Amino acid sequence: MATVAPPTLEHFGQPMTVSIYGVAVDDFGVGLPRISVSVLSDQSTLATTNTDEKGEFSFPNLAVKVGFHSLRAAGREFIPAAEQFTLTYEMDNTSITTIVRLEQARRTAADEARHQTAMKLEEKERTEQEARLRQVIEIASSQPGQPIPSNKEELASYLKILGLPAGQLDQLLAAADRLGELQKIQAEKSPSEASESTQSTTSPHDAKYIRLQVLFATDRNRQLDSDPRRMFGSARSSRESTYFGVCEVSVPNRHRIGKLERPSIFKLQFYEDPEKHIILQKSELWEGDFFYNRVSTGATTSPNHDVFVFIHGYCVTFQEAILRTAQIAVDLDFSGVPICFSWPSRGTYSGYFSDEATIEWSTPHLVEVVRKIAQLSGVRTIHLIAHSMGNRALVHCLDHLAQGFGNTSTAQINQVILAAPDIDAGVMVQLGERVTRVGKRTTLYASSNDRPLVISRQFHGYARAGDIGDAIYINENIDTVDASAIPVDIFGHSYYGSSRTVLHDIYELFRNGTPPPRFGLQKASQRNKLYWIFRP
């Protein structure tokens, strides 16, 4: 939620109604339950609620007044967070969506000791539960005539055999859910079925995850922190320096396309597990020359001699940018070199206007990175993907490169993907023709369900290229795709990386360069101008 221009004195203080929806999350983006959230005006509390099990909260049809407000969230073991926002007369009877990010409070020595004691007790209890569950499994496996405990009632009967109190049933079921042991019993009872269902799975003796290298270029500030997640901060680098390096990311074999698997307390996941989650394992800094040499070498040894560069949107940390790049590379089955250009987004929803200023500052650095990659002898093809506010840097980068790009480059910019672009539609009209001179094909994904872009349109007063409001942005040299039919989450802004349909479409573009109509697209028109729609 970002602030906008102050309301005019004419309407200041007038009553209005607005609905506020959001979610409170921790540093990993995991929803936080039982967080107290309040809406305040002039330090007076207008309404208070608690987040649900998913960390979501809502203030439907809240009676407020035109003016300045704040949203505050507080919870046990977390530093209170606040989001400032302004309500204007034009926002009457509308909805606002936001995410509040809470940072875990630093514990004192005494608190840390109590926490470690509690964790040891929890680990001991969990181990005891799992041991009891294994007893259930052994009994079930040794009695072929007995029913397999595949539900609560059947498991309860085995509890009686073990002499355990029925009160421990829910605890054992929770342990069973974590271990997946009840399904294992079924497989052991039915060898034929087990062999059919495990043909494409990994043996328990094999690695349960893959390791992927994501190269990066960033103009964020360097932090003296050994944790790879906090190697870079949210401020601009000193002297406009660009840092280069590589991150090692682990991706579980059980990864599902479109999912960015992270720990979830609702699945009893309190720690990162490489067999379940996408994890930034380590980061290493490189000199610029060494970075470009590795890009060239990596492209040379890949089947198509290609790379892709991902430019993230606003409210994204360095870690989040790297993990998303890795997820996209895996989901696209990309065999070339994945590169993340991470600009210094504040990583907070209240930092929108700061990010707007910073993305302009970062654009020359992106131009330089793309220009140098295009001059590498080992690189034949470059794909560019930008999301949300990152499209502003990419579009202006392409505009710069259009001026004499082919003079010194050895590589071709093939596919340009503009995903949910938070860029003024009027600016796209001005630059569209020049921007498309550089890439072989440019594809723009837009949606009418993109709530952050709806809010951006309201704040700026002008349409965004990725938002389908009164009209859809169409350029004869750009393939505009309406993604409104794609199922989305509450915000509807990250479908480019979470939708199998969109990822498959990008896969077709990267792999084959297939023009529309591709699979799943149908033709549409507006004012005799052609665009494309994902079929529901």
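Me: What makes β2 and β5 a pair of strands?

Reply: In this predicted model, five bridges join β2 (residues 36-41) to β5 (residues 67-74). Two strands pair if there are at least two bridges between them, so β2 and β5 qualify. The two strands run antiparallel, and V37 stands opposite A73 in β5.

Me: Why are β3 and β7 said to stand at the edges?

Reply: The open sheet has the order β3-β2-β5-β7, with antiparallel pairing. β3 (44-50) and β7 (81-87) each have a single partner strand, so one side of each is left without a neighbour in the sheet. Neighbouring strands of this sheet are turned by 20° against each other on average, direction ignored.

Me: Why is the pair of Y352 and F353 called edge-to-face?

Reply: The ring centres of Y352 and F353 are 5.5 Å apart, within the 6.5 Å limit, and the planes stand at 90°, which is over 60, so the pair is edge-to-face.

Me: How do you know whether Y352 and F353 are buried or partly exposed?

Reply: Y352 has 6% relative accessibility, which is under 20%, so Y352 counts as buried. F353 has 35%, between 20% and 50%, so F353 counts as partly exposed.

Me: Why is the pair of Y445 and F534 called stacked?

Reply: The centres of the Y445 and F534 rings lie 6.2 Å apart, within 6.5 Å, and their planes are at 5°, under 30 degrees, so the pair is stacked. Y445 belongs to strand β19 (residues 441-446) and F534 to strand β22 (residues 529-534), so the pair links distant parts of the chain, 89 residues apart. Both Y445 and F534 are buried.

How values were computed. Residues are numbered from 1 along each chain as its sequence is written. This is a predicted model: local features need pLDDT of at least 70, side-chain atom pairs count only at pLDDT 80 or more; totals for chains, interfaces and linings use all residues. Side-chain values use heavy atoms; hydrogens and water are left out. Rings of Phe, Tyr and Trp (its six-membered ring) pair if their centres lie within 6.5 Å; planes under 30 degrees apart count as stacked, over 60 as edge-to-face and the rest as tilted. Buried means under 20% relative accessible area, exposed over 50%, partly exposed in between (1.4 Å probe, protein chains only). Helices (H or I, at least four residues) and strands (E, at least two) are DSSP runs, numbered from the N terminus. Axes are lines fitted to C-alpha atoms, for helices over the stretch in contact, and angles run from 0 to 180 degrees between N-to-C directions.
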